[in-house]
Amino acid sequence: MELTPLETHFLVERGIAQLVSKRDSLLRVPDEKELAEYHKNLEVSFSAQSETLKAEKLRETERNMSKILAGKRKKLLREGVSDAAIELDASKILQETADNFVFDRKNVQLEIACSHDQPHAFKIVDTPPIQSPLKYKVFCDFWSRGHYVTAGDAFGADFLLYPGDPLQYHASHIVILLDSPIVQPLDLIAKVRLSVIVNKICIFAYFVEGEEKGEDNAEREVHYQTVQWEGNRDRVGLVEGPSEQKR
């Protein structure tokens with residue numbers, strides 16, 4: 001699983017997950033003893049593969065033994081050996097196959113481990129500081145309301161909102177963060193036209209300037225303005241909350 005910084009902070013803040021670092025342990029240069037142990041285990045793995053392939057080769061030979069015996073008999077007859085003088089032993093053929101088996105290391109299979117096979121230490125670390133308090137506040141707000149939230153870069157927005165699982169639903173809203181409640185007319189037209197083109201509702205999110213003095217970002221309330229064309233009015237009801245909702 002790969003999480004964004006916002007998702008990581010969201011989970012750690014609520015006690016759902018812990019952020020740990022294994023960097024010092026996993027990037028440590030192994031000593032000679034550890035390297036020798038690694039190569040020893042590697043050789044054991046190669047030998048096991050060789051024995052497995054050899055056993056499979058013998059089983060295949062045994063399954064086709066009747067055809068092999070018939071082929072050898074025909075060859076000897078063509079060479080002038082009488083049928084009475086031909087003596088073929090299946091066990092000798094199997095032994096010959098085993099003796100001639102060669103394991104080519106160019107075809108060796110290397111295991112791609114899903115977890116580290118050696119003991120390693122980790123330490124709990126703090127989450128990186130939030131770069132944008134507004135962005136994190138909006139992210140937490142919509143997740144807390146039960147919406148699915150993903151990055152909106154592909155649509156020229158900060159977030160996309162989904163009415164359900166993104167694997168089953170298209171996004172219904174784009175969320176654009178504002179530094180202030182004041183939107184320049186051209187910016188407003190551009191963002192709303194963009195939302196119409198991608199068939200989504202446009203939501204602007206911002207902190208009210210009057211709340212900034214003497215108030216921590218975590219306590220400040222996010223305000224939303226939803227802008228829609230008349231043709232999309234029936235879809236605006238997805239996002240509701242205590243903060244203001246305007247058209």
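Q: Is aspartate 141 buried, exposed or partly exposed?
A: Aspartate 141 is partly exposed, because its relative accessible area is 22%, where buried means under 20%, exposed over 50% and partly exposed in between, with a 1.4 Å probe and protein chains only. This is a predicted model, in which local features need pLDDT of at least 70 and side-chain atom pairs count only at pLDDT 80 or more, while totals for chains, interfaces and linings use all residues. Residues are numbered from 1 along each chain as its sequence is written, and side-chain values use heavy atoms, with hydrogens and water left out.

Q: Which side chain does aspartate 141 meet in a salt bridge?
A: The partner is arginine 145, at 3.0 Å from N to O, a salt bridge being a side-chain nitrogen of Lys or Arg within 4 Å of a carboxyl oxygen of Asp or Glu. Arginine 145 is itself partly exposed, with a relative accessible area of 25%.

Q: Switching to the surface, which residues gather in a patch of positive charge?
A: Lys72, Lys74, Lys75 and Arg78 gather there. Patches are made of residues with over 30% relative accessible area and no salt bridge, like charges being joined within 9 Å and nonpolar side chains (Val, Leu, Ile, Met, Phe, Trp, Tyr) within 5 Å.

Q: Where does arginine 78 lie, and why does it count as exposed?
A: Arginine 78 lies in helix H4, which covers residues 65–78, and it counts as exposed because its relative accessibility is 66%. Helices here are DSSP runs of H or I with at least four residues, strands are runs of E with at least two, and both are numbered from the N terminus.

Q: Which residues form the nonpolar patch?
A: Val20, Phe122 and Ile124 form that patch on the surface, with about 290 Å² of accessible area together; such areas come from the Shrake-Rupley method with a 1.4 Å probe, and for residues only the protein chains shown count as cover. Isoleucine 124 sits in strand E2, residues 123–124, and counts as exposed at 54% relative accessibility.

Q: Now threonine 97, buried or exposed?
A: Threonine 97, which is found in helix H5 (residues 90–100), counts as buried because its relative accessibility is 17%.

Q: What does threonine 97 touch?
A: Leaving aside residues up to four places away in sequence, threonine 97 touches Lys57, Leu58 and Thr61, where contact means heavy atoms within 4.5 Å.

Q: Zooming out, how many helices and strands does the protein have?
A: The protein has seven helices and seven strands, and buried residues make up 24% of its 247 residues. Its accessible surface comes to about 17800 Å², of which 53% belongs to carbon and sulfur atoms.

Notes
Lys, Arg positive; Asp, Glu negative; His and termini not counted. Charge placed at Lys NZ, Arg CZ, Asp CG, Glu CD.
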